[in-house]
Amino acid sequence: MSVLLPADPKANFLAHAAEIRDAIERVLVSGHYILGPEVEAFEAEFAAYQGGGYVISVANGTEALEIALRALGVRAGDRVATVANTVTATVSAIEQIGAYPVFVEIDPATMLMDPAALDRICARDSVKAVIPVHLYGQMADVEAIVSIADRYGAQVVEDCAQAHGARYGNCLAGTVGAVSAFSFYPTKNLGALGDGGAVFTSSKELAERVRMLRQYGWRTRYVAEIPGRNSRLDELQAAILRVKLNYLDQENARRRDLAALYLRKLASTRLQLPHVAAKAVPVYHQFSVRTPGREALKAYLQMHGIVTGVLYPVPVYRQAAYASAGLILPETERSCAEVLCLPCHPGLTEGDIDRICEAILGWKSPV
Ligand SMILES: *Cc1c(COP(=O)(O)O)cnc(C)c1O
């Protein structure tokens, strides 16, 4: 019996191995290894995928967030609102600037930023930027979030690390806020075979600032106009991403099909299944269920050769690096205590999902 993994970047490589090997060979013999023709082509192709605008590739998703914030003018001492049921990377991007995270409660159904809670925070604190996280591949209500942010003079940076190709109404993830950040970590829906990230914006001015920030503050070679840094995507990863981008929609559709199967087969269980907002078209970076018996279910599935993920077990404000004394967001706490992510990636078969669902149907919930 094979072990089923929550994500399987090797299977995804093997699915496209011949094309990826060709792409790597092309780079090896090209003589260009950093910010060359592959990066340029990938940026253009991903921008076209986003429906136009500018893609500026960077070294990883965390730096994409940080550079996006810096491009908007976020500085040390500013407040940036985000959620606490996210990977700590979201918050580390804020802290790298010396800005302060302000944690917003989530909607209990979708587990995404609650616009009403954001409104209360903006009314109380002066917030310079807002980072909604499109968790598990479902977009937050980013139109509502942008309209609230606008009222308080804050800018929105979408964290799209889990949401390449997700939609909300007619809007593609990353196209609603002033700027957005993507990660190409190998397990993401669009994953490199190493680190990678990108900033997307439809503003030419912001794109120029991001481009300067990613490479030493240069507009012209060797002339630093602003304090910059090095956060570049290399040619090998760009060439690999160009292959993977061609399959993104197909693989997202596959994830949706697998999710539909889960939803049908688990409907009779006591697990709380993912709630998809009326206008949302998710890309199921994760298929998350909720149960107060999370730890027991995780151990039980592990015994059946099914490895699950807990994204994320501890709210960021409770972690040593980012502890916010006294803060408790009840819905965030509950979701972190209950959530369990079942294997959901394009390398799985319907038979795999059947096997997982049958195991779950045989589980006696302790609560
Ligand atoms: C993966 C991820 C990041 C960070 O991306 P890296 O490329 O690992 O730096 C940020 N936010 C979210 C929601 C993520 O899932």
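1. Basis. The model is predicted, so local features need pLDDT of at least 70 and side-chain atom pairs count only at pLDDT 80 or more, while totals for chains, interfaces and linings use all residues. Residues are numbered from 1 along each chain as its sequence is written, and side-chain values use heavy atoms, with hydrogens and water left out.

2. Helix α7. Helices (H or I, at least four residues) and strands (E, at least two) are DSSP runs numbered from the N terminus. In α7 (residues 142-151), V142, I145, V146, I148 and A149 are buried (under 20% relative accessible area; exposed is over 50% and partly exposed in between, with a 1.4 Å probe and protein chains only). These residues lie on the same side of α7 because they cover an arc of only 165 degrees around the axis, taken from the directions from the helix axis to the C-beta atoms. D150 and R151, on the other side of α7, are exposed. The cover over the buried residues includes α6 (115-124), β4 (129-131) and β5 (155-159). After α7 comes G153, with a positive phi near 70 degrees.

3. α4 with α5. The axes of α4 (residues 61-71) and α5 (residues 88-96) come within 8 Å and cross at roughly 40 degrees. That angle makes α4 oblique to α5 (under 35 degrees is roughly parallel, over 145 roughly antiparallel, 65 to 115 roughly perpendicular, and the rest oblique). On the α4 side, T62, L65, E66, L69 and R70 are in contact (heavy atoms within 4.5 Å) with α5 residues including A89, T90 and I94.

4. α4 with α8. Helix α8 (residues 204-214) packs against α4 at an angle of about 125 degrees, with the axes 9 Å apart. This pair is therefore oblique as well. I67, R70 and A71 of α4 meet L206, R209, V210, L213 and R214 of α8.

5. Positive phi. Most residues other than glycine have a negative phi, and most peptide bonds are trans. L35 has a positive phi near 40 degrees; L35 sits in the loop between α2 (17-28) and α3 (37-49) and is partly exposed, at 28% relative accessible area. Y284 has a positive phi of about 40 degrees. Y284 lies in the loop between β12 (280-281) and β13 (287-290) and is buried, at 7%.

6. Cis bond. The peptide bond from L311 to Y312 is cis, with omega near 10 degrees. Y312 is in the loop between α11 (294-303) and α12 (330-338).

Terms used. Axes are lines fitted to C-alpha atoms, for helices over the stretch in contact, and angles run from 0 to 180 degrees between N-to-C directions.
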